[in-house]
Every structure is written in structure tokens, then in C-alpha cells.
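Good morning, everyone, and thank you for coming. Please take a moment with the sequence and the model before I start talking through them.

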Amino acid sequence: MNRRDFLGFATGGMVAATAGTPSTAEAGDPLMTTETSYALTRPAYIDQSHLVVTDLGLVSGFYQSMLGLKVIEKTTSGEVLGVGSHPLLTLTTAKDAAVAPRNAAGLFHTAFLMPDRTELARWLRHAAQNNVVLDGASDHLVSEAIYLSDPEGNGIEIYADRPHEQWKFLEDGMVEMATRRLDLQALYDSAPEDRWGGMAEGTAIGHLHLQVGDIPQADAFYRDVLGLKLMARYPGASFFATGGYHHHLAANIWNSQGATARADNMTGLSDYRIRFNDREALDAAVSRLEALEIKSEKRDGGVFLKDPWGIGLTLSA
């Protein structure tokens with residue numbers, strides 16, 4: 001199968017992930033090309049993520065060869081991967097690691113935000129040339145996204161945002177999003193015919209999408225406790241952000257309705273870090289934790305706690 005046929009198969013065969021009206025966006029629609037992505041300039045953003053895996057070499061190799069991350073640091077139990085000198089993803093393993101069931105709370109996907117559409121196209125060309133299996137592709141109006149999974153089933157999104165000024169906001173302040181079919185072939189054809197050298201400088205974790213047990217409980221925690229704004233709702237999902245971004249965090253119950261707290265040794269998402277550009281917003285979140293007597297501790301230069309499903313998070317400036 002040649003690359004054009006591969007992409008045609010990928011685009012046509014992802015009904016669940018790409019269901020919806022075909023996109024009306026032009027293939028050459030420009031996307032954000034700023035040095036620092038809009039997502040990272042907001043009052044708070046996702047800085048790093050930590051996965052527990054059973055086969056460190058296999059999973060790390062995938063993130064290096066297929067996603068283009070580099071090993072920044074090696075520890076006795078794992079590796080820290082990132083872009084340039086900036087860490088994004090920590091992978092660790094342990095002898096007692098237990099494979100999390102599909103319906104457990106935890107990670108739905110880690111979303112890697114490309115600096116611009118050209119880098120997204122360049123990655124897609126690399127993926128096609130290396131026979132990377134895609135799970136789907138969608139035009140979300142605010143962004144263009146490609147979905148896949150690592151060798152242990154951890155979901156991944158590779159995406160590029162459209163410029164913030166092109167997003168449409170509703171009267172209640174929520175952002176207009178949709179799930180439309182993405183023309184992968186047009187995106188592939190727009191890629192420069194140069195050598196792909198890995199993830200470009202400026203690539204970041206744009207958002208994390210979580211599996212949780214209950215949406216009202218997620219709203220109460222991420223909106224009312226942490227102070228994130230509810231930016232969109234889908235059936236069975238809420239999307240949260242700061243500073244008018246479409247979402248820094250999302251939570252759904254599509255596979256995990258009724259899920260309880262994760263066991264400490266489960267594979268998948270162990271914890272992540274929310275970095276605050278706005279110190280007052282951080283102080284306000286910590287004050288709410290104290291007022292509600294939610295257990296937390298100072299750790300790694302921030303305040304560590306667990307959400308209602310046992311997923312760890314560190315709040316730091």
C-alpha cells in the first residue's frame with residue numbers, strides 16, 4: 001500500500017473518531033505560528049505528564065522514533081523525554097505495575113501541541129512513511145488533530161491550533177468546537193519535502209484528556225476547586241481551561257462511568273503538573289484546597305494532591 005492509499009484508508013476508516021460533517025476548512029487554512037503557543041501563555045497550562053508502563057524500552061522507543069521526543073534524563077526507574085531541554089513526558093516502570101483496565105479512571109489521551117500546521121503536516125508525513133497506525137483524525141474548528149496510541153494503549157493526540165482570533169465564542173463564554181472529518185491527504189500533501197528531525201522546538205503538551213467516573217464531580221473539582229473555566233461540553237464530557245483557551249484539561253465518562261480511585265501501581269497516567277503563569281490564581285487554588293480540607297503536600301517545587309479518581313497533580317508557578 002503506498003502512502004496515498006495508506007492515508008486514504010486512515011481517513012476513511014476512522015468512523016468513530018471522525019464522525020460528523022466534512023470540514024469546510026481550506027487545506028491551506030493558516031494555523032498559529034507564534035514562538036510560544038497561545039495555550040502556554042494563559043494563567044495556567046499543562047506542563048508535564050507522567051506515565052507508568054510495563055515495558056519501558058518499548059514505550060520510550062516509540063515516543064522517540066514515532067513522536068520525535070528526546071531522552072533528557074535517565075533515572076533508576078525510568079526516563080524523562082522532551083523537546084530540546086524542556087521535559088514533557090516522564091516514563092517509569094516498577095515490578096509490581098498492574099495493567100489498568102480499559103474502564104479505569106486515568107488517561108484518555110496526552111495531546112502534543114505542535115507550533116504550527118506545517119509541523120503537524122511534517123509529522124503526518126513521518127508517520128505515514130513509518131507505517132504508524134492512526135486511530136482517527138478530526139477537525140475541531142479550533143484545531144486539527146490526529147489520534148493514535150502508544151504500544152501499551154495510552155492515547156495520544158498530535159494537533160495544531162488555529163489562531164485564537166479565528167475561534168468563535170458563545171454568549172456564555174464557551175468556545176464553539178465540533179468533531180468533523182479531517183482531510184488527512186490534504187494535510188499530508190501540504191508538508192514540506194524535507195527531512196523530519198523530530199519534534200520542533202516549541203512543541204508542548206497542549207492539554208490532557210482524562211477518563212473519570214462522574215462529570216458533575218469532575219466539574220466540581222476542576223472548575224470549583226482548581227478554578228478552571230468550563231469552556232465546552234460534549235455528551236459525557238467537560239472541557240476546562242484558563243484564559244480563554246479551548247481546553248487545557250478535559251474529562252469524560254465514555255469508557256469509565258462510575259470508575260473509582262486508581263490503585264497506586266496501575267499503569268497509565270500517574271500524575272501531571274499544572275504550571276501557573278498567574279501567581280494569584282495559584283494562591284487562590286491552594287487556598288480553596290485548604291478551606292475544603294483536601295489533602296495536599298509540598299513536593300517538587302509545588303503543591304501535590306490527587307483528584308477524586310486518584311490521579312496525581314502538582315500545582316506550581
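Which residues point one way from E8, and which point the other way? Gly-155, Glu-157, Tyr-159 and Asp-161 point one way from E8, while Ile-156, Ile-158 and Ala-160 point the other way, and all are buried, where buried means under 20% relative accessible area, exposed means over 50% and partly exposed lies in between, with a 1.4 Å probe and protein chains only. In a regular strand the side chains alternate between the two faces of the sheet.

Before going further, a word on where this comes from: this is a predicted model, in which local features need pLDDT of at least 70 and side-chain atom pairs count only at pLDDT 80 or more, while totals for chains, interfaces and linings use all residues. Residues are numbered from 1 along each chain as its sequence is written, and side-chain values use heavy atoms, with hydrogens and water left out.

Let me now step back to the whole chain, which has seven helices and 17 strands; these are DSSP runs numbered from the N terminus, helices being H or I of at least four residues and strands being E of at least two. Of the 317 residues in the chain, 54% are buried. Among contacts with a separation of 6 or more, 72% are between residues 24 or more positions apart, and contact here means heavy atoms within 4.5 Å.

Next, the sheet. Nine strands form an open sheet in the order E9-E6-E7-E8-E5-E10-E13-E12-E11, with mixed pairing, and two strands are said to pair if DSSP finds at least two bridges between them. At the edges are strand E9 (180–181) and strand E11 (229–234), each of which pairs on one side only. Strands of a sheet pair through backbone hydrogen bonds, either parallel or antiparallel.

If we return to E8, all seven of its seven residues are buried, so this strand is largely enclosed by the rest of the structure. E7 and E8 run antiparallel and are joined by seven bridges, with Ile-146 standing opposite Ile-158 in E8. The hairpin of these two strands has five residues between them, and there Gly-153 takes a positive phi near 85°. E5 and E8, by contrast, run parallel and are joined by four bridges, and here Thr-110 stands opposite Ile-156 and Leu-113 stands opposite Tyr-159.

E5 itself has seven of its eight residues buried, so it too is largely enclosed by the rest of the structure. It pairs with E10 in the antiparallel sense over seven bridges, and Gly-106 has Gln-211 in E10 as its bridge partner.

Further along the sheet, Asn-252 lies in strand E13 (residues 249–252). Is Asn-252 buried or exposed? Its relative accessibility is 0%, so Asn-252 counts as buried, and, not counting residues up to four places away in sequence, Asn-252 touches Phe-108, His-209, Leu-210, Gln-211, Val-212, Ile-215, Gly-236 and Ala-237.

I turn now to the cores, where a nonpolar core is a set of buried Ala, Val, Leu, Ile, Met, Phe, Trp, Tyr and Cys residues joined through side-chain atoms within 4.5 Å. The largest one has 73 residues, and Tyr-63, Leu-67 and Tyr-272 have the most contacts inside it. Helix H4 (residues 117–129) contributes the largest share of this core, six residues. A second, separate core of 19 residues includes Tyr-159, Val-175, Ala-241 and Tyr-245.

Finally, the largest pocket. On a 1 Å grid over the protein atoms alone, a pocket is an open set of points where a 1.4 Å probe fits, with protein on both sides within 12 Å along at least five of seven lines, and lining residues have an atom within 4 Å of a point. The largest pocket holds about 990 Å³ of space, a volume being the space filled by probe spheres set on the points, which are joined across faces, edges and corners. Its lining has 42 residues, of which Phe-108, His-109, Gly-155, Gln-211 and Asn-255 lie nearest its centre. E5 gives the most to this lining, with four residues.

Thank you, and I am happy to take questions.
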